[in-house]
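Keep the structure open beside you as you go.

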Amino acid sequence: MSKVYFITGAGRGLGADIARQALKAGHRVVATGRRPEKVLEALGGERDTLLPVALDVTDPASARSAVDAAVERFGRIDVLVNNAANTYGGFFETISDAQMRAQMETNLFGPMNVTRAVLPVMRAQRSGHVVSISSLAGLVGLPGTTAYATSKFGLEGWMEALRFDLEPFGIRTTVVEPGYFRTELLTDASSNFAELSIDDYAERSAAMQEGRVRMNGKQPGDPAKLADALLKVVDLEEPPLRFVAGSDAIEAVAVKAGELLAQAEASRELGTGLSHTDAA
(Lines give C-alpha, C1' and ligand atoms only; values in the text may rest on other atoms or scores of the structure.)
Protein backbone atom coordinates (compact mmCIF):
# COMPACT_ATOMS: atom_id res chain seq x y z
CA MET A 1 0.00 0.00 0.00
CA SER A 2 1.30 3.45 -0.90
CA LYS A 3 2.47 5.54 2.04
CA VAL A 4 3.41 9.19 2.44
CA TYR A 5 7.04 9.53 3.51
CA PHE A 6 8.33 12.77 5.05
CA ILE A 7 12.14 12.69 4.83
CA THR A 8 14.53 15.29 6.22
CA GLY A 9 17.89 15.94 4.61
CA ALA A 10 16.68 14.46 1.33
CA GLY A 11 18.86 16.51 -0.99
CA ARG A 12 21.92 14.30 -0.75
CA GLY A 13 23.46 11.31 1.00
CA LEU A 14 21.32 8.72 2.72
CA GLY A 15 18.23 10.96 2.70
CA ALA A 16 18.29 11.13 -1.09
CA ASP A 17 18.74 7.36 -1.29
CA ILE A 18 15.75 6.78 1.00
CA ALA A 19 13.65 9.16 -1.08
CA ARG A 20 14.64 7.42 -4.34
CA GLN A 21 13.83 3.98 -2.95
CA ALA A 22 10.48 5.19 -1.60
CA LEU A 23 9.53 6.74 -4.95
CA LYS A 24 10.64 3.60 -6.78
CA ALA A 25 8.43 1.51 -4.48
CA GLY A 26 5.40 3.61 -5.40
CA HIS A 27 5.20 5.77 -2.30
CA ARG A 28 4.57 9.50 -2.19
CA VAL A 29 7.49 11.48 -0.83
CA VAL A 30 7.85 14.84 0.89
CA ALA A 31 11.56 15.44 0.40
CA THR A 32 12.90 18.26 2.54
CA GLY A 33 16.10 20.26 2.59
CA ARG A 34 17.36 23.78 3.03
CA ARG A 35 17.28 24.27 -0.77
CA PRO A 36 14.28 22.56 -2.42
CA GLU A 37 15.74 23.10 -5.91
CA LYS A 38 18.75 20.97 -4.94
CA VAL A 39 16.42 18.30 -3.55
CA LEU A 40 14.48 18.25 -6.83
CA GLU A 41 17.70 18.00 -8.82
CA ALA A 42 19.00 15.14 -6.67
CA LEU A 43 15.78 13.17 -7.11
CA GLY A 44 15.49 13.50 -10.88
CA GLY A 45 12.99 16.31 -11.32
CA GLU A 46 9.30 16.88 -10.82
CA ARG A 47 6.66 14.16 -10.58
CA ASP A 48 3.21 13.87 -9.07
CA THR A 49 4.41 11.71 -6.18
CA LEU A 50 7.20 14.06 -5.09
CA LEU A 51 6.95 17.28 -3.08
CA PRO A 52 10.23 19.10 -2.42
CA VAL A 53 9.90 21.41 0.57
CA ALA A 54 12.21 23.89 2.25
CA LEU A 55 13.08 22.86 5.80
CA ASP A 56 15.61 24.00 8.36
CA VAL A 57 15.28 21.38 11.09
CA THR A 58 16.67 23.76 13.70
CA ASP A 59 13.70 26.12 13.18
CA PRO A 60 10.37 24.95 14.68
CA ALA A 61 8.39 27.37 12.50
CA SER A 62 10.06 25.96 9.39
CA ALA A 63 9.11 22.44 10.51
CA ARG A 64 5.47 23.43 10.98
CA SER A 65 5.35 25.06 7.55
CA ALA A 66 6.85 21.98 5.89
CA VAL A 67 4.31 19.71 7.59
CA ASP A 68 1.45 21.99 6.55
CA ALA A 69 2.66 21.82 2.94
CA ALA A 70 2.86 18.02 3.11
CA VAL A 71 -0.68 17.65 4.44
CA GLU A 72 -2.04 20.15 1.92
CA ARG A 73 -0.51 18.15 -0.93
CA PHE A 74 -0.97 14.54 0.19
CA GLY A 75 -3.51 14.73 3.04
CA ARG A 76 -1.50 12.68 5.55
CA ILE A 77 1.96 11.62 6.72
CA ASP A 78 2.55 7.93 7.33
CA VAL A 79 6.31 7.72 7.84
CA LEU A 80 8.62 10.39 9.21
CA VAL A 81 12.32 9.78 8.58
CA ASN A 82 14.50 12.03 10.74
CA ASN A 83 17.65 11.82 8.67
CA ALA A 84 19.20 15.31 8.51
CA ALA A 85 22.43 15.46 10.51
CA ASN A 86 25.98 16.74 10.57
CA THR A 87 29.07 16.03 12.63
CA TYR A 88 31.63 17.99 14.61
CA GLY A 89 34.73 15.85 14.91
CA GLY A 90 37.34 16.39 17.58
CA PHE A 91 38.31 15.89 21.18
CA PHE A 92 36.08 17.42 23.84
CA GLU A 93 38.42 20.21 24.94
CA THR A 94 39.00 21.29 21.34
CA ILE A 95 35.30 21.57 20.50
CA SER A 96 33.99 25.01 21.39
CA ASP A 97 30.83 25.52 23.38
CA ALA A 98 29.21 27.02 20.27
CA GLN A 99 30.11 23.94 18.20
CA MET A 100 28.76 21.55 20.84
CA ARG A 101 25.49 23.47 21.00
CA ALA A 102 25.25 23.58 17.21
CA GLN A 103 25.71 19.79 17.13
CA MET A 104 22.81 19.34 19.54
CA GLU A 105 20.60 21.78 17.62
CA THR A 106 20.88 19.79 14.39
CA ASN A 107 21.19 16.18 15.52
CA LEU A 108 18.97 16.16 18.61
CA PHE A 109 16.68 19.18 18.73
CA GLY A 110 16.26 19.07 14.95
CA PRO A 111 14.49 15.68 14.98
CA MET A 112 12.49 16.84 18.00
CA ASN A 113 11.33 19.97 16.16
CA VAL A 114 10.18 18.01 13.12
CA THR A 115 8.59 15.21 15.13
CA ARG A 116 6.71 17.73 17.27
CA ALA A 117 5.27 19.21 14.07
CA VAL A 118 4.34 15.82 12.60
CA LEU A 119 2.80 14.13 15.64
CA PRO A 120 -0.54 16.01 15.63
CA VAL A 121 -1.09 14.69 12.09
CA MET A 122 -0.24 11.11 13.09
CA ARG A 123 -2.33 11.28 16.27
CA ALA A 124 -5.35 12.44 14.27
CA GLN A 125 -4.80 9.48 11.92
CA ARG A 126 -4.20 7.11 14.85
CA SER A 127 -1.34 5.71 12.83
CA GLY A 128 2.17 6.49 11.74
CA HIS A 129 5.81 5.53 12.08
CA VAL A 130 8.61 7.75 13.38
CA VAL A 131 12.03 6.63 12.17
CA SER A 132 15.18 8.39 13.37
CA ILE A 133 18.60 7.76 11.87
CA SER A 134 21.08 7.45 14.70
CA SER A 135 24.52 5.89 14.37
CA LEU A 136 26.78 3.23 15.78
CA ALA A 137 28.17 6.25 17.68
CA GLY A 138 24.78 6.51 19.39
CA LEU A 139 25.43 3.21 21.16
CA VAL A 140 29.22 2.98 21.31
CA GLY A 141 31.55 5.86 22.16
CA LEU A 142 34.30 6.20 19.56
CA PRO A 143 37.51 8.29 19.55
CA GLY A 144 37.07 11.90 18.45
CA THR A 145 33.26 11.77 18.49
CA THR A 146 32.37 13.42 21.79
CA ALA A 147 30.02 15.98 20.20
CA TYR A 148 28.51 13.61 17.64
CA ALA A 149 28.13 10.73 20.12
CA THR A 150 26.51 13.02 22.67
CA SER A 151 23.90 14.09 20.13
CA LYS A 152 23.23 10.53 18.98
CA PHE A 153 23.16 9.04 22.49
CA GLY A 154 20.58 11.72 23.29
CA LEU A 155 18.59 10.76 20.19
CA GLU A 156 18.62 7.14 21.31
CA GLY A 157 17.29 7.97 24.76
CA TRP A 158 14.60 10.27 23.38
CA MET A 159 13.39 7.66 20.89
CA GLU A 160 13.46 4.85 23.45
CA ALA A 161 11.19 6.83 25.79
CA LEU A 162 9.06 8.36 23.02
CA ARG A 163 7.66 4.98 22.01
CA PHE A 164 5.72 4.76 25.28
CA ASP A 165 4.12 8.15 24.57
CA LEU A 166 3.03 7.13 21.09
CA GLU A 167 2.05 3.46 21.26
CA PRO A 168 -1.51 4.22 22.53
CA PHE A 169 -2.12 6.21 19.32
CA GLY A 170 -1.01 3.45 16.96
CA ILE A 171 2.25 5.30 16.18
CA ARG A 172 5.38 3.20 16.01
CA THR A 173 9.01 4.16 16.44
CA THR A 174 12.28 2.79 15.08
CA VAL A 175 15.78 4.12 15.63
CA VAL A 176 18.39 3.08 13.06
CA GLU A 177 22.06 2.60 13.97
CA PRO A 178 24.17 2.39 10.80
CA GLY A 179 27.84 1.54 10.89
CA TYR A 180 30.18 3.03 8.29
CA PHE A 181 28.25 3.70 5.08
CA ARG A 182 29.22 5.75 2.03
CA THR A 183 26.89 8.61 2.89
CA GLU A 184 27.98 12.24 2.68
CA LEU A 185 28.43 12.67 6.43
CA LEU A 186 32.22 12.97 6.06
CA THR A 187 32.09 15.49 3.20
CA ASP A 188 32.79 19.18 3.74
CA ALA A 189 29.06 19.94 3.56
CA SER A 190 28.28 17.83 6.65
CA SER A 191 31.57 17.36 8.49
CA ASN A 192 33.15 20.00 10.70
CA PHE A 193 36.31 19.89 12.81
CA ALA A 194 37.00 21.28 16.24
CA GLU A 195 37.91 24.96 16.09
CA LEU A 196 40.06 25.19 19.23
CA SER A 197 43.77 24.37 19.12
CA ILE A 198 45.43 22.71 22.11
CA ASP A 199 48.99 21.47 21.78
CA ASP A 200 48.41 18.30 23.79
CA TYR A 201 45.81 17.19 21.23
CA ALA A 202 47.47 18.54 18.08
CA GLU A 203 49.10 15.34 16.83
CA ARG A 204 46.01 13.19 17.37
CA SER A 205 43.73 15.87 15.94
CA ALA A 206 45.75 16.06 12.73
CA ALA A 207 45.79 12.26 12.38
CA MET A 208 42.04 12.09 12.97
CA GLN A 209 41.29 14.72 10.32
CA GLU A 210 43.53 12.97 7.80
CA GLY A 211 41.87 9.64 8.59
CA ARG A 212 38.39 11.05 7.98
CA VAL A 213 39.43 12.50 4.65
CA ARG A 214 40.92 9.16 3.59
CA MET A 215 37.87 7.21 4.77
CA ASN A 216 35.32 9.35 2.90
CA GLY A 217 33.92 7.37 -0.02
CA LYS A 218 35.62 4.16 1.11
CA GLN A 219 33.23 3.13 3.85
CA PRO A 220 32.08 -0.49 3.43
CA GLY A 221 28.32 0.09 3.62
CA ASP A 222 26.17 0.77 0.54
CA PRO A 223 23.61 3.53 1.36
CA ALA A 224 21.24 2.41 -1.43
CA LYS A 225 21.05 -1.04 0.16
CA LEU A 226 20.48 0.55 3.55
CA ALA A 227 17.62 2.62 2.12
CA ASP A 228 16.04 -0.49 0.61
CA ALA A 229 16.38 -2.35 3.92
CA LEU A 230 14.83 0.58 5.78
CA LEU A 231 11.72 0.45 3.59
CA LYS A 232 11.43 -3.27 4.35
CA VAL A 233 11.67 -2.51 8.08
CA VAL A 234 8.89 0.09 7.81
CA ASP A 235 6.66 -2.43 6.02
CA LEU A 236 6.99 -5.07 8.74
CA GLU A 237 3.83 -5.83 10.69
CA GLU A 238 5.84 -5.40 13.91
CA PRO A 239 8.79 -3.14 13.09
CA PRO A 240 11.72 -3.30 15.51
CA LEU A 241 12.43 -0.59 18.06
CA ARG A 242 16.04 -0.64 16.84
CA PHE A 243 17.54 -1.60 13.49
CA VAL A 244 21.31 -2.08 13.64
CA ALA A 245 22.61 -1.74 10.08
CA GLY A 246 25.89 -3.09 8.76
CA SER A 247 28.02 -6.02 9.88
CA ASP A 248 30.49 -3.67 11.56
CA ALA A 249 27.73 -2.09 13.65
CA ILE A 250 26.15 -5.44 14.54
CA GLU A 251 29.47 -6.78 15.79
CA ALA A 252 30.28 -3.63 17.78
CA VAL A 253 26.83 -3.52 19.38
CA ALA A 254 27.07 -7.20 20.33
CA VAL A 255 30.41 -6.51 22.04
CA LYS A 256 28.93 -3.49 23.85
CA ALA A 257 25.95 -5.55 25.03
CA GLY A 258 28.32 -8.16 26.44
CA GLU A 259 30.34 -5.47 28.21
CA LEU A 260 27.19 -3.99 29.77
CA LEU A 261 26.10 -7.40 31.08
CA ALA A 262 29.58 -8.00 32.50
CA GLN A 263 29.60 -4.57 34.17
CA ALA A 264 26.15 -5.17 35.66
CA GLU A 265 27.32 -8.49 37.09
CA ALA A 266 30.51 -6.93 38.46
CA SER A 267 28.37 -4.31 40.20
CA ARG A 268 26.05 -6.85 41.79
CA GLU A 269 27.82 -7.20 45.14
CA LEU A 270 28.16 -3.49 45.86
CA GLY A 271 25.26 -2.27 43.75
CA THR A 272 22.42 -4.28 45.26
CA GLY A 273 20.89 -3.73 48.67
CA LEU A 274 21.44 0.05 48.54
CA SER A 275 17.86 1.20 48.94
CA HIS A 276 16.59 2.35 52.35
CA THR A 277 14.06 -0.49 52.45
CA ASP A 278 16.64 -3.17 51.65
CA ALA A 279 19.13 -1.79 54.15
CA ALA A 280 16.51 -1.86 56.89
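This is a predicted model.

**Exercise 1.** List the residues through which helix 4 and helix 5 meet, then sort the contact by class.

*Solution.* Start on the helix 4 side. Its residues are M100, Q103, M104, N107, L108, P111, M112, T115 and L119. Now take helix 5. Its partners are A147, Y148, T150, S151, K152, G154, L155, W158, L162 and L166. Sort this contact of helix 4 with helix 5 by class: 12 residues are nonpolar, 6 are polar and 1 is charged.

**Exercise 2.** Describe how the axes of helix 4 and helix 5 are arranged.

*Solution.* Locate the helices first. Helix 4 covers residues 97–125, and helix 5 covers residues 146–166. Their axes come within 8 Å and cross at roughly 20°. Angles under 35 degrees count as roughly parallel, so helix 4 is roughly parallel to helix 5. Last, the hand: helix 4 and helix 5 cross in a right-handed way.

**Exercise 3.** Find the angle between helix 1 and helix 7, and name the arrangement.

*Solution.* Helix 1 spans residues 13–24, and helix 7 spans residues 223–235. The two pack at about 55°, and 8 Å separates their axes. That angle makes helix 1 oblique to helix 7. The crossing of helix 1 and helix 7 is right-handed.

**Exercise 4.** Which residues make the contact of helix 1 with helix 7?

*Solution.* Helix 1 supplies L14, D17, I18, Q21 and A22. Helix 7 supplies P223, A224, L226, A227, D228, L230 and L231. By class, this contact of helix 1 with helix 7 holds 9 nonpolar, 1 polar and 2 charged residues.

Methods:
Residues numbered from 1 in each chain as written. Predicted model: local features only at pLDDT ≥ 70, side-chain atom pairs only at ≥ 80, totals over all residues. Heavy atoms only, no water. Axes fitted to C-alpha atoms, helices over the stretch in contact; angles between N-to-C directions. Helix = DSSP H or I, 4+ residues; strand = E, 2+ residues; numbered from the N terminus. Parallel < 35°, antiparallel > 145°, perpendicular 65-115°, else oblique. Left-handed = near helix turned anticlockwise from the far one by under 90°. Contact = heavy atoms within 4.5 Å. Nonpolar A, V, L, I, M, F, W, Y, C, P; charged D, E, K, R; others polar.
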